[in-house]
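Student: I am new to this structure and would like a close look at one part of it. Could you walk me through how some of the helices pack, and then what sits around them?

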Amino acid sequence: MNELTGTGRLVRLILRRDRFLMPLWVLSLGLIPISYVASVNELFPTAAGRQGYATASANNVGFVALYGPLNGSGLGELVAWRAGFVPVMIGLFSILTVIRHTRTEEEAGRRELLGATVAGRHAGLAAALVATFGACLVLGTVLALGMIGQGLPAAGSWAFGVEFAATGWMFAAVAAVAAQLTSGAGGARGIAIITLGAAYVLRVVGDINGLTDGPLSGLTWLSPIGWAQRISPYADERWWITAPAVGFTAVFALVAVALSARRDVGAGILPPRLGPARGATWLRSPLALAWRLHRGLLAGWIAGFAVLGVVLGYLAAGVGDLVRDNQQMRDILARLGGAAGLIDDYLAGMMGLFGLIAAGYAIQATLRLRGEETSGHAEPVLGTAVGRFRWAGSHLVFSALGPAAALAAAGLAMGLTHGLNTGDVGHELPRILAGAMVQVPAVWILAAITIALSGLVPRLAAVSWGALAICLLFGMVGTALQFDQWVLDLSPFTHLPRIPGGRFSAVPLLWLSAIAVALAAAGLAGLRRRDLPIT
């Protein structure tokens, strides 16, 4: 029997299971850069205005760290540069998709069932990669056609699409390798996401050094994200860079296949770390066990939020410099309250971005509850005197307080950095920290949706990622695409006060918190009544 027998049917199964989730992510991430065309055109309608914006941005360390190098002052170059963080999100989407359909399936015991059929040994891994590669290719095509529809050059638009698709392919292959290394989906996700973060850091350090031809500028070429951005859409279109990107993908995919052939089903290449012969007394409670399961993920998210807060806080002080030589922008700012108004708008926008990212962590932490059920780990716990509410509550503590801690870390880091830059920490830190914390009730809504699905319709629990994709779509491109207000109001983030700079109101925060409590209560009621486990 061929080791890839049944791959086509498993691809169709993956597409059927993700028929709602995958299109939402593809459309959301593909439409974000398209919406930037109208924004850049509105703010900088003339070539002189775009040139001034490009000149101020190209040498700004914070902007280069966040978006990458700027290759020109044309509309296409500015849009491609402004979308420089989107490849990181595409990499994350690819990682989560591949691991969901490989290691998670194996952890739940479904791969063993497939192995008893005519499906080949590597069919599941190949199907996950083919489906993810296809989704990334569709995403790149949507982006390219959308940019061409906006009147931008076809060659640059296709290069832009290739940049996004290549990034997704490379990190899908990284995830395939990570799925072979550990025996748990959480560990595999951790390895792959750390690799994604390291690639981003290498790109940042290399690009910042490149501003002054520093000795570390070559680090960019060690980062898959840096490779993809060097395709340079709308500038000199370096098509040859697609060759090492495809080679990277092929090598890692082959390594994943080789590792898969060397291990047993359910095991990982890396041996599990043995614990002590006797457990510590503090591990006797469900909350202590949940802490042990969640602490690595929580620490990683808090550290990542703190680092991103420092970068974005450093960037805030230079926002006003972008319009120094642009008379039209100065006139607009005069009506909006001056440069301080622009900086506050930037800070509030970044807090909204932090809120969306924190919602991803909240969903991931909440799905750990479902993962414990499908892996069979919940049954031994519930076979003791621990009740279902107590077991579920121990995990939901991290769903609720974990995102709040990550947002607090981001607000503190951003507030301190911006406050030190402006020389007024006492004024800036409380405002920015408040802007971070008002995101918490909206994040709780996404966590509560996950709880409700896990309790009432457990097989659809992963659809909660689709809810996040919808919020991302509405938050980042809804206004630019002129969605009706009632559509935008479907996202809980639409109702949050824009802090700093806006008027604070506790009413929407209370309503969102109440809705989150109601959804969570419905999910817990369903969890109490239904059978465990449902796989």
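**Helices side by side**

Tutor: Let's begin with a pair of helices: helix 9 and helix 10 cross in a right-handed way. Please keep in mind throughout that this is a predicted model. Helix 9 covers residues 123–149, and its axis is 8 Å from that of helix 10, at an angle of about 160°. Angles over 145 degrees count as roughly antiparallel, and helix 9 and helix 10 are therefore roughly antiparallel to each other. Sorted by class, the residues where helix 9 meets helix 10 are 20 nonpolar and 7 polar, with no charged ones.

Now stay with helix 10 and look at another partner. Helix 10 spans residues 154–181 and helix 13 spans residues 242–262; their axes come within 8 Å and cross at roughly 20°. Because angles under 35 degrees count as roughly parallel, helix 10 and helix 13 are described as roughly parallel to each other. The crossing of helix 10 with helix 13 is left-handed. On the helix 10 side, the contact includes Val162, Ala166, Trp169, Met170 and Ala173. On the helix 13 side, Phe248, Thr249, Phe252 and Ala256 are among the residues taking part. The contact of helix 10 with helix 13 has 16 nonpolar and 4 polar residues, and no charged ones. If you wonder about the spacing of such residues along a helix, an α-helix has 3.6 residues a turn, so residues three or four places apart point the same way.

Helix 19 is made of residues 425–437, and its axis comes within 8 Å of the axis of helix 18, with a crossing of roughly 155°. That angle makes helix 18 roughly antiparallel to helix 19. The crossing of these two, helix 18 and helix 19, is right-handed. Helix 18 contributes residues including Ala404, Leu407, Gly411, Met414 and Leu420, while helix 19 contributes Val425, Leu429, Ile432 and Ala436 among others. By class, the contact of helix 18 with helix 19 holds 13 nonpolar residues, 5 polar ones and 1 charged one.

Together with helix 20 (440–456), helix 18 (388–422) is included in what covers the buried residues of helix 23. Those buried residues are Leu509, Leu512, Ala516, Ala520, Gly523, Gly526 and Leu527. Helix 23 itself runs over residues 507–529, and its 23 residues reach 33 Å from the first C-alpha to the last, close to the 33 Å expected.

Finally, visit helix 11, which covers residues 185–210 and holds Val204. Val204 counts as buried because its relative accessibility is 14%, and buried means under 20%. Leaving aside residues up to four places away in sequence, Asp207 touches Val64, Gly68, Pro69, Thr220, Gln229 and Arg230.

Note on methods:
Residues numbered from 1 in each chain as written. Predicted model: local features only at pLDDT ≥ 70, side-chain atom pairs only at ≥ 80, totals over all residues. Heavy atoms only, no water. Helix = DSSP H or I, 4+ residues; strand = E, 2+ residues; numbered from the N terminus. Buried < 20%, exposed > 50% of the residue type's maximum accessible area, 1.4 Å probe, protein only. Contact = heavy atoms within 4.5 Å. Expected span 1.5 Å × (residues − 1). Axes fitted to C-alpha atoms, helices over the stretch in contact; angles between N-to-C directions. Parallel < 35°, antiparallel > 145°, perpendicular 65-115°, else oblique. Left-handed = near helix turned anticlockwise from the far one by under 90°. Nonpolar A, V, L, I, M, F, W, Y, C, P; charged D, E, K, R; others polar.
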